[in-house]
Amino acid sequence: MATVNLKNREIECKIVYYGPGRCGKTTNLDYIHRTFKKQVRGEMISIDTDGDRTLFFDFLPIGLGQIKGCDIKVQLYTVPGQVQYRSTRQLVLKGVDGIIFVADSLKVRREKNMESLKDLHENLKKAGLNILRIPLVMQYNKRDLEKTEMPLMSVEQMERDLNRQLRVPSFPASAVTGQGVGATLTQTLKKTLKYLHKEFQWAQE
Amino acid sequence: MNLAEKIKWKIEEAELYRNQGLINEALDIYRAVDAMIRKNSRIKNRETLLAKISARIDLLNRNWENLKAPSQAPEISDQARDLIREMFSFDDPHVKGSSSLGGAVSLAEFGQYDQARKELESLFDYDHLRMEAARNILQYGIRHLSSKELTLVYQQWQSDERFSADEIKRLGEILEQVLENAGRKANAGAPAAPEPASDGSEDRDEEVDDEDILDISTIGLPLPTGSRAGEKVELDINFQNGRQINLVLSKGQKEIVNSLETGGRIAGVIFYSPVAIFSGTVYVAAKKEIGSGPKQGDYTVDLKILHIESG
Ligand SMILES: Nc1nc2c(ncn2[C@@H]2O[C@H](COP(=O)(O)OP(=O)(O)O)[C@@H](O)[C@H]2O)c(=O)[nH]1
Ligand SMILES: [Mg+2]
């Protein structure tokens, strides 16, 4: 849960990038770190990354400045996608305010996307949160591969697989080129701040 | 596309997966290409190609083995350790010291057992945290200590006045449970700490035709007939293939089985999928008693989803 300090007019909230292994979560964070220099508040920390595999999590603190009279700080996290790090994911999800589900557009990863969404649902439930209620945005990543001949799912198919019932905002993206990365994050922040306003009435008109 | 082109294209695909760290996906394709070439004796450079591919397969296999190997508790810097402690400690305003507990447990979760244990032991002074702290020492301890060492930890508590007799008894039970769980795993031949990675594609299924049906985990079934008619029972799905779902019911649930008539339709069934709840109608396709095996005497029931209410 976000830290909301109405006296100092400060909000610090937590956004988690979730998704199967190798879908591009770390690459999203990398891109944000490199591109949104003005917003980045500190170093990107990848806690124990084994080769290129995130074992624990990545962390990047950013700041949005003043919004409606409040200073907004955001902590971005990624979870390790590999199936066996379930308890780590549960830990990283603690106190989450908004989620970006990064799905892999490669056809061979279709099932992994679905499994990971199910895992998210279950882990949220364990944390007393409801996937239908928490601010959630989908990202269909690796769309740059559309230009190649590689077997990719269509956005429509991914919508059917993952978003037919959730009906959350979704963005085609490429974390390597940066296409859609900012849009995904912006939309998530909007939803999250709106949600937090309902709870804490922090925004000044 | 002629064969040479096809092979070239397949190898490109495999290399993409390899570059993305999708080792199993890459392996699958290289194996398929290998088989393709072996079936064709007329391919140019056949032997060179086969040698190249088999070298790739070896490399990928080695990568895969490395990935599967349970990683050692990684060394992390003091700075990273502070960060973990700080980021994952959550103050429960009603429980003094709860953030210290959370922080220490996070350290344990991230492999920093020795440090975590020190911090957890320092919480023994607080009545309301002592048991949680001790429980976590045991539960995370099994990943890092031998059974003997862990038992020794427990034995030291027995002479520690801060623990009451009741607490010692309860911790003894927890220790037993922890050891038993670990023992069971060891017998099954699985590594004690991380489960084997299944990031690969060994469990890939046929694609389901029935696009519309989500994974259902549980159904809520209104019993159609019998003395409990109208009562809604929740049953776990044994397996599902698109619209077909199968349930296994125990002997004790015979009344439920009897209530379902083969060929009958049941409306108002609730389907619980991991991401949504929806309702619809099912058809009882078959039911029978299981005649042999560990589930002998239980019942299996096949249902078919006829339709789903929208909205
Ligand atoms: N072509 C392409 N590759 C990507 C994209 N995003 C990530 N990757 C690659 O996919 C692999 C895994 O990405 P990573 O960010 O480590 O995935 P994570 O496990 O979700 O953190 C890396 O090789 C990335 O370069 C993308 O948008 N397009
Ligand atoms: Mg990563």
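Trainee: Which residue in S6(A) is the bridge partner of A:Val16?

Mentor: That's A:Ile99. Before we go on: this is a predicted model, where local features need pLDDT of at least 70, side-chain atom pairs count only at pLDDT 80 or more, and totals for chains, interfaces and linings use all residues. Residues are numbered from 1 along each chain as its sequence is written, chains are lettered from A and ligands numbered from 1 in the order in which they are written, and side-chain values use heavy atoms, with hydrogens and water left out.

Trainee: Got it. In which sense do S2 and S6 of chain A pair?

Mentor: Parallel: strand S2 (residues 10–18) of chain A and S6(A) share four bridges. Two strands count as paired if DSSP finds at least two bridges between them. Strands (E, at least two residues) and helices (H or I, at least four) are DSSP runs, numbered from the N terminus.

Trainee: And how many bridges link S6(A) to S7?

Mentor: Six, again in the parallel sense, with S7 covering residues 136–141 of chain A.

Trainee: Are the residues of S6(A) buried or exposed?

Mentor: A:Gly98, A:Ile100, A:Val102 and A:Asp104 point one way, A:Ile99, A:Phe101 and A:Ala103 the other, and all are buried. Buried means under 20% relative accessible area, exposed over 50%, and partly exposed in between (1.4 Å probe, protein chains only). In a regular strand the side chains alternate between the two faces of the sheet.

Trainee: New topic, ligand 1. Which residues come nearest?

Mentor: Of the 16 residues around ligand 1, A:Arg22, A:Lys25, A:Thr26, A:Thr27 and A:Asp144 do. A residue is near a molecule or strand if one of its heavy atoms lies within 4 Å of it.

Trainee: Why is the site called shared?

Mentor: Because residues from chains A and B surround ligand 1.

Trainee: What is the distance from an oxygen atom of ligand 1 to a polar backbone atom of B:Asn19?

Mentor: It's 3.4 Å. On the chain A side, a ligand oxygen is 2.9 Å from a polar backbone atom of A:Gly24, and one is 2.8 Å from a polar backbone atom of A:Ala175.

Trainee: Which element gives the largest share of the shell?

Mentor: Helix H1 (residues 25–35) of chain A, with three residues.

Trainee: Last one: which residues of helix H6 in chain B are buried?

Mentor: In H6 (residues 113–121), they are B:Tyr113, B:Gln115, B:Ala116, B:Glu119 and B:Leu120. They cover an arc of only 160° around the axis, which puts them on the same side of H6(B). That arc is taken from the directions from the helix axis to the C-beta atoms. On the other side of H6(B), B:Asp114 and B:Lys118 are exposed.

Definitions and conventions:
A polar contact is a pair of N or O atoms within 3.5 Å; within protein, one must be able to donate a hydrogen and the other to accept it, and residues adjacent in sequence count only if both atoms are side-chain atoms.
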